[in-house]
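Biologist: Could you walk me through this one while I have it open? I would like to go from the whole chain down to single residues.

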There are 2 protein chains.
Amino acid sequence: MRVYLVRGVFTDAPEPGKLRCREGYLLVEDGRCCAFYPTLPEALRGVPLLDFSHQLITPGLSDLHLHAPQYSYCGTAMDLELMDWLSRYTYPEEARYADPDYAKSSYQIFVRDLLHSATTRFCAFATLHTDATLELMTQLEAAGLRGYVGKLNMNRNSPDYYREPDTECGMAETVRWLNEWARRDLPNVCPMITPRFTPSVTDDYMEALGHLAAERHLPMQSHLSENRDEIQWVQSLCPDTSFYGETYARYGLFGGDCPTVMAHCIYSGEAEQALMRQNGVYIAHCPTSNENVIAGIAPAAHYLRDGYQIGLGSDVAGGHTLNLFEVMTAAMQVSKLRWRYVDSSESPLTLAEAFYLATTGGGSFFGKVGLFEPGYEFDAVVLDDAALKNNRAFSPAERLERYAYLGGGKTAAKFVAGVRVL
Amino acid sequence: MRVYLVRGVFTDAPEPGKLRCREGYLLVEDGRCCAFYPTLPEALRGVPLLDFSHQLITPGLSDLHLHAPQYSYCGTAMDLELMDWLSRYTYPEEARYADPDYAKSSYQIFVRDLLHSATTRFCAFATLHTDATLELMTQLEAAGLRGYVGKLNMNRNSPDYYREPDTECGMAETVRWLNEWARRDLPNVCPMITPRFTPSVTDDYMEALGHLAAERHLPMQSHLSENRDEIQWVQSLCPDTSFYGETYARYGLFGGDCPTVMAHCIYSGEAEQALMRQNGVYIAHCPTSNENVIAGIAPAAHYLRDGYQIGLGSDVAGGHTLNLFEVMTAAMQVSKLRWRYVDSSESPLTLAEAFYLATTGGGSFFGKVGLFEPGYEFDAVVLDDAALKNNRAFSPAERLERYAYLGGGKTAAKFVAGVRVL
């Protein structure tokens, strides 16, 4: 359908802290929101109507940070400390994606579950393997989801069995991946340069990736300032930099002309924060990961209120769920604990702010995405909260809050850029 | 059936930090665990068998603290601070239970959902209303669940519309409630003396409740040291006490001969802790509430490892879920943040410890409950984790961990004291 109407209770966040709930009709044309009507105009009575009366409809949620291959062991070994978890679970599991059959069947489960979630847009890490990464991109495209996937770059500080031998080999595979992607018809799932994080990538490799990103106008994603030990490690690896973010920025991989998502940013100092804001670097705030990995709690309320670009990331499998509504809840909860124990000047994130992060905030990385405003792509999820009914009436905002906190809701329908995918 | 066998993967926690997973057959006789067999003995081949091969079976979970009437607005208004939340949501909602029809229909939803959860035993707060409280007890008994319910006592510091006028009226209603309960045939859902918390109950009322508990050999439940403002308030209300717990203890309502559950105990000082341990006061650790209410994080790992009586509480609706598996996950998560930000000497709770709290730890308040050991009542939940399968095999411990972290599992079957209730 080129033109259609959708009826329901449209709930979005036009600005941080402002929740907007409107019952009525949204006209969708060529995949984009066109106009909203509280009542159906006479002139539109002939237009096809998708009737979700009384159901809550939110923008599709954007997941700015996740590791697709880790989904297979999501929610296990959470007792382990980070380095043990990486060496005993992460690296052995990611290495298995060298096997095309394993990659295919594992990614089928991941893509199925992502499709049934409320997520419509994503930035995903894959593995070192070019073919497995292309398999993931192909499956995501076929599912109708949109976003970015990165073949991982890593040539140091991981086990021999899971590391690129040198910069040349890594670059050759990265170029092969980009060329193969261009050859396939995958217009909606695009490549993103993905050095795992500075400790995994030698300076010359990072530099070469910076050149490649600039040449091909590619975005990039990585990790930044997740814990203090990591920051010290980076400082010792790159003694000529004055802060962690500079290890990316010096090669053009830190916002500006290179759209960038940095996961975590828990311990970013003043200089790093200033550069992030100046360059429009997106912060992927990963509160479920903050809870599980013992890294700490990112100052998400500060970032949001002080004009940084910020959205949410599930960080599967440091985070234990793909469900960004649950991640929203965690964002509110950890911000309350941060307020209590770390910084009493940073009042907790509200529901409206957490919802903004999951929709408008993260969505803007993908263009006009995350709002029900004219010109925005029609990404939407229709929430089935029938199982959450109770013995009293709830406002749309309360229904949204219960959907986030209680879990147990379902995705009744889902649209990506106007196409119904569920 | 007086005697039957259950087959499955029995998972329990015989001591803190020790997870035991045994595949085989459990013989149940007169509602109690009798013996475990890895393979079926020839002599038992004629005994009726409930076959849950390959399914995970855990002890029923014990919820040491919840507010049944608050379930109706669970997961709403979590942005509010505690006092606003109480005055705008809690008191108005609890007051509605004066209406028997509202109480009946609301408690039907609560009992239905509790029945479908993994909880088999509970300590529940009701409201001020005798009849509504009896209605709740009757429904819980009919559902086959077991535990304690308290008609609330509160004669100060709440709105006029939701407060007992004086001690005499409060005591008269409390006695009427106990007599009416004794008249009804509710052997498995028993009364528990329930002063809301010290600020809600005058000294003479607390004293009278202490006498009543002693006369009738009743247990008691209340709140303790949840936040610093509350502790100061209690100090100003009871200037002749040296710590909060003493306001209960001086009237015989703090363990010893009066089995006691105290919710929270986040800021208990040395003297209070010493008395709790000496008197065997049970601590209801409510980690989801810790996350939502901004009170702080209780030192649960310290309590568990240093020999206190402790279990988990959902604290609905300060906590947002009745699902104690989710509460277990929150217990691990907040203990990691406590370790990071509050006390680095208290290493985080492990899965095995959190599971111990939810089963063995809390279960012991109800007698021989919470373990698959000979003589223990057969409280059990059969977990349906089919929806959580992924592309690799998981050990029973990993399946338990995923069931707790991922959510989305179901209760396939449930037994309380040997009776199948689901």
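This is a predicted model: local features need pLDDT of at least 70, side-chain atom pairs count only at pLDDT 80 or more; totals for chains, interfaces and linings use all residues.

Biologist: Start with chain A, then. How many helices and strands are there in chain A?

Modeller: Chain A has 13 helices and 17 strands, and along its principal axes the C-alpha atoms fill a box of roughly 65 × 50 × 40 Å.

Biologist: Give me a buried example. What does A:Thr58 touch?

Modeller: A:Thr58 is in strand β4 of chain A, residues 49-59, and counts as buried because its relative accessibility is 0%. Leaving out residues up to four places away in sequence, A:Thr58 touches a set that includes A:Phe325, A:Phe355 and A:Phe372, as well as A:Asp379 and A:Leu400.

Biologist: Okay, on to the interface. How many residues of chain B are in contact with chain A?

Modeller: On the chain B side 49 residues are in contact, and they meet 49 residues of chain A. The two chains bury about 4400 Å² between them, with 49% of that on carbon and sulfur atoms. B:Ile294, B:Tyr341 and B:Asn391 supply 15% of the area that chain B buries against chain A, which is more than any other three residues.

Biologist: What about polar contacts, how many residue pairs are there across the interface?

Modeller: The rule finds 32 residue pairs in polar contact across the interface of chain B and chain A, counting pairs with both residues at pLDDT 80 or more. Helices α1, α2, α9, α11 and α13 of chain B each supply at least two residues of the side that touches chain A, and the largest share, nine residues, comes from α11(B). By class, that side of chain B has 24 nonpolar, 13 polar and 12 charged residues.

Biologist: Now α11 in the other chain. What is A:Val334 in contact with?

Modeller: A:Val334 is found in helix α11 of chain A, residues 324-341, and at 1% relative accessibility counts as buried. Apart from its neighbours within four places in sequence, A:Val334 is in contact with A:His285, A:Pro287, A:Glu291 and A:Ile297, and also with B:Leu337 from the other chain. A:Val334 and A:Ala298 are 36 residues apart in sequence, with their C-alpha atoms 8.7 Å apart in space.

Biologist: Which parts of chain B does the pair B:Glu353 and B:Arg305 link?

Modeller: The side chains of B:Glu353 and B:Arg305 meet in a salt bridge at 2.8 Å, N to O. The pair links distant parts of the chain, with B:Glu353 in helix α12 and B:Arg305 in helix α10, 48 residues apart. B:Glu353 counts as buried at 8% relative accessibility, and B:Arg305 counts as partly exposed at 36%.

Biologist: Last one, α13(B). How many of its residues are buried?

Modeller: Nine of the 11 residues of α13(B) are buried, so that helix is mostly covered. The buried ones include B:Glu398, B:Arg399, B:Tyr403 and B:Leu406, and just after the helix B:Gly407 takes a positive phi of about 65°.

Conventions
Residues are numbered from 1 along each chain as its sequence is written. Chains are lettered from A and ligands numbered from 1 in the order in which they are written. Side-chain values use heavy atoms; hydrogens and water are left out. Contact means heavy atoms within 4.5 Å. Buried area is the accessible area (1.4 Å probe) that two parts lose on being put together, summed over both. A polar contact is a pair of N or O atoms within 3.5 Å; within protein, one must be able to donate a hydrogen and the other to accept it, and residues adjacent in sequence count only if both atoms are side-chain atoms. Helices (H or I, at least four residues) and strands (E, at least two) are DSSP runs, numbered from the N terminus. Ala, Val, Leu, Ile, Met, Phe, Trp, Tyr, Cys and Pro count as nonpolar, Asp, Glu, Lys and Arg as charged, and the others, Gly among them, as polar. Buried means under 20% relative accessible area, exposed over 50%, partly exposed in between (1.4 Å probe, protein chains only). A salt bridge is a side-chain nitrogen of Lys or Arg within 4 Å of a carboxyl oxygen of Asp or Glu.
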